[in-house]
Amino acid sequence: MTSPEALLATLTPLLAAESRAEAPAAGVEAGDLEQAVWLRLLERLRADGAPEHPADWLRRAVRDEARRARRASARERPYREEPAQPPHGSPESTVLVSERGRTVRAAVGRTPGHCPRLLTAMLHPADPTYREIAGALGISQGSLGPMRSRCLGCLRRMLAAEVPLPGVRGRVP
C-alpha cells in the first residue's frame, strides 16, 4: 500500500506532463485538467483506495477528462454580447442613471469621518482640482490621495453590499 504522500510525489510530474500534452486538443488549460484528475483521484482513494497501477490510471484519467472537456466545449456556446441595454437618453436609461446616482450619494452620506465631505467635493459637477478640494476641506494636498483611497474603499464595500451585480436577465429556472 502506497502512502498518499508518496503517491502525490510520484504522480505530480507525470500529471503535469500528461495534462500539458492533452490540454490544447481538449480546448482547456492544463491546470484545469490537473485539478479534475486530482479530484477524481481523491474520490477514488475514498471509495476504492489507491489504484493498483497509479501511473496507468493517471494517464487514462487525463485522457478521460480531456474527452469530457471536448464534449462539453462542443455543446457549450459562448455568450457573445451583453444583454441589450436601453438606448442612451431613453426613459429607462435616465431612470437607471438617476437611481445609481441616488444610491451612490446616499452611501456617501453614510461613510465615516471626513469621507462624506471629501467624496461630496470630488463628486461636485465643477470637477475641482486636488488643490481646490484640499483648500476647501482645510487639509494638506499630500494627504488627500491616501484619504481619498480609504474613503473610496469604504464606499466600494458599502455599495457592493447594496447594489446587486448585473445578472442573467430573463426567465429564472
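Leaving aside neighbours within four places in sequence, Glu 65 is in contact with Leu 33, Ala 36, Val 37 and Arg 40. Glu 65 itself belongs to helix 3, which spans residues 54-75, and is buried, with a relative accessible area of 9%. These contacts, like all values reported here, were computed from a predicted model.

The protein as a whole contains seven helices and zero strands, and its elements, read along the sequence, follow the pattern α-α-α-α-α-α-α. Of its 173 residues, 26% are buried, and the accessible surface comes to about 12500 Å², with 57% of that area belonging to carbon and sulfur atoms. Among contacts with a separation of 6 or more, 56% are accounted for by residues 24 or more positions apart.

Helix 2, formed by residues 30-47, has 18 residues and reaches 26 Å from its first C-alpha to its last, close to the 26 Å expected at 1.5 Å a residue. Ala 30, Leu 33, Val 37 and Leu 41 are buried in this helix, and they cover an arc of only 75° around the axis, which puts them on the same side of helix 2. The buried residues of helix 2 pack against helix 1 (4-26) and helix 3, whereas the face turned away from the buried side carries the exposed residues Gln 35, Leu 42, Glu 43, Arg 46 and Ala 47. Helix 2 is followed by Gly 49, for which phi is positive, near 90°.

A further group of features concerns the cysteines. One disulfide is counted in the model; it joins Cys 115 to Cys 151, with an S to S distance of 2.1 Å. The torsion about the S-S bond of Cys 115 and Cys 151 is about -80°, so the disulfide is left-handed. Because Cys 115 lies in helix 5 (residues 115-122) and Cys 151 in helix 7 (residues 141-162), the pair ties together parts that are 36 residues apart in sequence. Both Cys 115 and Cys 151 are buried. Cys 154 is likewise buried, with a relative accessible area of 15%, but its sulfur is 5.8 Å from the closest cysteine sulfur, in Cys 115, and this distance is too far for a bond, given that a disulfide requires sulfur atoms within 2.5 Å.

Cys 151 also has a place in the nonpolar packing. When residues up to four places away in sequence are not counted, Cys 151 touches Cys 115, Leu 118 and Leu 119. The largest nonpolar core has 16 residues, of which Ala 107, Leu 118, Leu 119, Ile 133, Leu 144, Cys 151 and Leu 155 touch the most other members. Two or more residues are given to this core by each of helix 4 (91-110), helix 5, helix 6 (130-137) and helix 7, and the largest share, seven residues, comes from helix 7. Apart from this core lies another, of ten residues, among them Leu 7, Leu 41, Leu 58 and Val 62.

Definitions and conventions. Residues numbered from 1 in each chain as written. Predicted model: local features only at pLDDT ≥ 70, side-chain atom pairs only at ≥ 80, totals over all residues. Heavy atoms only, no water. Helix = DSSP H or I, 4+ residues; strand = E, 2+ residues; numbered from the N terminus. Buried < 20%, exposed > 50% of the residue type's maximum accessible area, 1.4 Å probe, protein only. Core = buried A, V, L, I, M, F, W, Y, C linked by side-chain atoms within 4.5 Å. Contact = heavy atoms within 4.5 Å. Expected span 1.5 Å × (residues − 1). Arc of directions from axis to C-beta. Areas by Shrake-Rupley, 256 points an atom, 1.4 Å probe, with all protein chains shown as cover.
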